[in-house]
Amino acid sequence: MNEQRPDDGPVEHLIDRDRASRTGVAEAIFASGKSVEQLADILSEIEDRRDSALITRLAPEKAEALSKLGLRLHYDRVSSTARIGSGGPAVSKSLDVAVVAAGTSDMPVAWEALRSLEFFGHGSKLFADVGVAGLWRLLDNIDEIRSYRLIIAVAGMEGALFSVLAGLVHAPVIAVPTSVGYGVSAGGHAALTSALASCAPGIVTVNIDNGFGAAAAARKMLLIGQRQADVKNDRDLAVAPQAERRGSSV
């Protein structure tokens, strides 16, 4: 039997509060397909618990309606994302991820990735409008892009940026095909196929327009790197006293 709310029916959501500690990636609220009332119930519960959450695919009219209900949203119209609450990790001062976008039309997806990375606590930088139609724009920025530990590449049309970029950098490239395009490129399927069929090694691919998924993948990769660094530091600390004892006996 469904759990019943005391006022008007069954509970329609269960917030996964332990997801961040269990998986490293906090739960985000996917707003598309949810009514204003359903979103208000979810976000009110998050506020009452003094938690924080990222909301994705939130249409402007829904954001406005939720604000009128008294919910304190930090809304970004370009990415259709919002943040509620003041908790969560502080944003790292180091810039861990480069978000490289092929064209201005790809900005909504690129900004979803940037906003998601910020929510996860990772510093990032956007390199916009550096698609292969004007290859000099990418090459003018490639030395700086190479300094990043991870790269999220966002491109529609034929998705050529993924292969070109992966052939120029050491870092893993997380490809985000976008639905920007028309004709055979419509819906992002040509860009997705290009990402999956690339001969450049080191590309991993998320779903079409999935900036959040790319940021979540980057988050997990960075956590693994940090965990390995912590293990090495612990080993170094354990070995150091032994080395000092050996040195003092000589």
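A residue is called buried when its relative accessible area is under 20%, exposed when over 50%, and partly exposed in between (1.4 Å probe, protein chains only). The model is predicted, so that local features need pLDDT of at least 70 and side-chain atom pairs count only at pLDDT 80 or more, while totals for chains, interfaces and linings use all residues. Residues are numbered from 1 along each chain as its sequence is written, and side-chain values use heavy atoms, with hydrogens and water left out.

**View 1. Five parallel strands form an open sheet.** The order is β8-β7-β9-β10-β11, where strands (E, at least two residues) and helices (H or I, at least four residues) are DSSP runs numbered from the N terminus, and two strands pair if DSSP finds at least two bridges between them. At the edges lie β8 (123-127) and β11 (203-205), each of which pairs on one side only.

**View 2. Strand β7 and helix α5.** Strand β7 (residues 95-101) runs parallel to β8 and is joined to β8 by five bridges, with valine 97 opposite serine 124 of β8. Helix α5 (residues 135-145) packs on the sheet and touches β7, β8 and β9 (150-155), contact being heavy atoms within 4.5 Å.

**View 3. Valine 206 in the loop between β11 and α8 (211-248).** Valine 206 counts as buried because its relative accessibility is 14%. Leaving aside residues up to four places away in sequence, its contacts include Ile174, Val176, Leu192 and Ala214. Leucine 192 is 14 residues from valine 206 in sequence, and their C-alpha atoms are 8.5 Å apart.

Key. Axes fitted to C-alpha atoms, helices over the stretch in contact; angles between N-to-C directions.
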